[in-house]
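Dear colleague,

Please find below the structure that I am handing over to you.

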Amino acid sequence: MKIKILFFLILFFQFSFGQSICGRWKTVDDISGKEKGVVEIFEFKGKIYGRIVEIFEEEKRYLKCDKCDGEDKGKPYIGLVIIRGLSKDDNIYNGGKVLDPKIGRWYHCKITPDGKDKIIIRGYIGIPLFGRSQTWSRVK
């Protein structure tokens with residue numbers, strides 16, 4: 001009887017609090033479908049952020065964000081914070097921004113969990129209809 005109660009409590013807490021998006025995620029280019037690197041998503045002062053921690057292509061590991069503006073200009077891609085200031089709203093994270101370091105441009109950002117080990121990152125201008133999405137997988 002105690003095992004059944006414990007089992008139901010574990011299930012209750014899993015569904016009540018949901019999966020955290022914090023952790024390491026393998027990024028995949030939405031155009032080529034090629035795996036690009038790893039982004040670590042973390043919480044800081046109640047907001048969600050993400051930084052590049054690994055780049056798979058050897059020749060791109062030492063590139064700098066020369067097209068970025070402000071404090072990010074000239075920073076190495078590895079360590080660059082590319083997701084900033086998202087807040088959780090039900091099961092969706094939004095209200096922040098995402099950087100495309102290749103062109104140095106910030107976009108509105110929305111992250112939607114897709115099951116236990118996938119998230120959908122949507123960068124857009126104005127409204128989510130005008131944007132692009134990538135599906136990232138959790139690194140285990």
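Rings of Phe, Tyr and Trp (the six-membered ring in the case of Trp) are taken as a pair if their centres lie within 6.5 Å; planes under 30 degrees apart count as stacked, those over 60 as edge-to-face, and the rest as tilted. By this rule, there are two aromatic pairs. Phe-42 and Tyr-49 are stacked, because their ring centres are 5.9 Å apart and their planes stand at 20 degrees. The pair of Phe-44 and Tyr-49 is edge-to-face, with 6.3 Å from centre to centre and 70 degrees between the planes. Through these ring pairs, Phe-42, Phe-44 and Tyr-49 are linked into a cluster.

The model is a predicted one: local features need pLDDT of at least 70 and side-chain atom pairs count only at pLDDT 80 or more, whereas totals for chains, interfaces and linings use all residues. Residues are numbered from 1 along each chain as its sequence is written, and side-chain values use heavy atoms, with hydrogens and water left out.

As to the fold, strands are DSSP runs (E, at least two residues), numbered from the N terminus, and two strands pair if DSSP finds at least two bridges between them. Eight strands close into a barrel in the order E1-E2-E3-E4-E5-E6-E7-E8, with antiparallel pairing. Neighbouring strands of this sheet are turned by 30 degrees against each other on average, direction ignored (axes are lines fitted to C-alpha atoms, and angles run from 0 to 180 degrees between N-to-C directions).

Strand E8 (residues 131-138) pairs with E1 (residues 23-28) in the antiparallel sense over two bridges; the bridge partner of Lys-26 in E8 is Ser-137. E8 also pairs with E7 (residues 118-124), antiparallel and over seven bridges, and here Ile-121 stands opposite Gln-134. E7 and E8 form a hairpin with six residues between them, and Gly-126 in the turn has a positive phi of about 75 degrees. Between E5 (residues 92-100) and E6 (residues 105-113) there are seven bridges in the antiparallel sense, with Tyr-93 opposite Ile-111.

Finally, the surface. Leu-129 lies in the loop between E7 and E8. Its relative accessible area is 63%, so Leu-129 is exposed, while Phe-44, at 46%, is partly exposed (buried means under 20%, exposed over 50%, partly exposed in between, with a 1.4 Å probe and protein chains only).

Yours sincerely

How values were computed
Helix = DSSP H or I, 4+ residues; strand = E, 2+ residues; numbered from the N terminus.
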